[in-house]
Amino acid sequence: MGDCALVTPVLDLAGTFVFALSGALAGVRKRLDAVGIAVLAFFTAVGGGIVRDLFIGVQPAALRDTAYLLVPIVAAVIAFFWHPQVERAMPGVLVFDAAGLGLFCAVGTSKALHYGLAPMHAVFLGVCTAVGGGVIRDVLSGERPTLLYDRELYAVPAMLGSASMALLFTLGVQGFVATLSSAVLAFAFRMLAMRYRWRAPLARGVSERE
């Protein structure tokens, strides 16, 4: 989730919805009740942004704007009543998830930079914005964080998009153009990683079966 002044609010809320849907589905798979599903949906969608804002030292945007509460609730209701249909549509949902990843890493980095953080720190917070919600989802649902134990490339595209945003900011390119360019870069890398099943390398001498 991000600063609506920097990107189109509709796109920001769309990314929030997709992330909330993934959290809600995790709750359904864990056989949680409606409240548990809603909690997972909320923290998956906005958890990364809350962590970012707390690091920056500002009131989390998710706690200022009612939309960031209503959108996860809507996603939770959809997952609660129509989760079989949503599960069948997951290939399409993953495309939107990749778009949300790209948007959130770019927006998170941009917000950190506008609050005066150094580029490297801003990149870190951009990645946190994009992947933090997923980590919180896994912890709350009692799973090992996939970010740490799954070799699928998820944080790497976010890091690439965040680094691009920081570089463009340093070069004086800001606003919608920088945000969109960085988001598209992260999105494209994520889609390629899914298409060709790219995986992060293991430490030298470590077998995949260990």
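**Stop 1**

Start by selecting Cys105, which is buried at 0% relative accessibility; buried here means under 20% relative accessible area, exposed means over 50%, and partly exposed falls in between, using a 1.4 Å probe on protein chains only. This is a predicted model, in which local features need pLDDT of at least 70, side-chain atom pairs count only at pLDDT 80 or more, and totals for chains, interfaces and linings use all residues. Residues are numbered from 1 along each chain as its sequence is written, and side-chain values use heavy atoms, with hydrogens and water left out.

Across the whole structure, a search finds zero disulfides, a disulfide being a pair of cysteine sulfur atoms within 2.5 Å.

**Stop 2: colour by confidence**

Next, colour the chain by pLDDT, the predictor's confidence in each residue, from 0 to 100. The protein chain averages 88, and 93% of the residues score at least 70. Then select residues 1-7, where pLDDT stays under 50. The model has 32 contacts beyond four places in sequence for residues 1-7, a contact being heavy atoms within 4.5 Å. Where pLDDT is low, the predicted coordinates should not be read in detail.

**Stop 3: the nonpolar cores**

Show Leu21, Val46, Ala79, Leu101, Ala130, Val131 and Ala158, the residues with the most contacts inside the largest nonpolar core, which has 32 residues. A nonpolar core is a set of buried Ala, Val, Leu, Ile, Met, Phe, Trp, Tyr and Cys residues joined through side-chain atoms within 4.5 Å. Two or more residues of this core come from each of helix H1 (9-29), helix H2 (34-56), helix H3 (67-88), helix H4 (90-114), helix H5 (119-140) and helix H7 (155-170). Helices (H or I, at least four residues) and strands (E, at least two) are DSSP runs, numbered from the N terminus.

Which residues does Val131 contact, leaving aside its neighbours within four places in sequence? They are Leu101, Leu147, Tyr154, Ala155 and Ala158.

**Stop 4: salt bridges**

The whole structure has six salt bridges, each a side-chain nitrogen of Lys or Arg within 4 Å of a carboxyl oxygen of Asp or Glu.

- Select Arg29 and Glu87, whose side chains meet at 3.1 Å, N to O. Arg29 is in helix H1 and Glu87 in helix H3, so this pair ties together parts that are 58 residues apart in sequence. Glu87 is partly exposed, at 30% relative accessible area.
- Move to Lys30 and Glu143, with the closest N and O atoms 2.6 Å apart. Lys30 is in the loop between H1 and H2, and Glu143 is in the loop between H5 and helix H6 (146-149), 113 residues apart. Lys30 is partly exposed at 35%, and Glu143 is partly exposed at 41%.
- Finish with Lys111 and Asp53, where the closest N and O atoms are 3.2 Å apart. Lys111 belongs to helix H4 and Asp53 to helix H2, so the pair ties together parts 58 residues apart in sequence. Are these two buried or exposed? Both Lys111 and Asp53 are buried.

**Stop 5: Gln174**

Select Gln174, in the loop between H7 and helix H8 (176-196). Gln174 is partly exposed, with a relative accessible area of 40%. Not counting residues up to four places away in sequence, Gln174 touches His114 and Phe169. From Gln174 to Asp53, 121 residues apart along the chain, the C-alpha atoms are separated by 20 Å.

**Stop 6: the annotated spans**

An unreviewed entry gives "domain: Glycine transporter" for residues 10-83 and 95-168. Residues 95-168 are 81% helix and 0% strand, with end C-alpha atoms 25 Å apart.

The UniProt feature "transmembrane region" (unreviewed entry) includes residues 34-55 and 115-136. Residues 34-55 are 100% helix and 0% strand, and their end C-alpha atoms are 31 Å apart. Residues 115-136 are 82% helix and 0% strand, with end C-alpha atoms 25 Å apart.

Definitions and conventions. UniProt positions are given in the numbering used here, feature names are shortened, and annotations may be inferred rather than shown by experiment.
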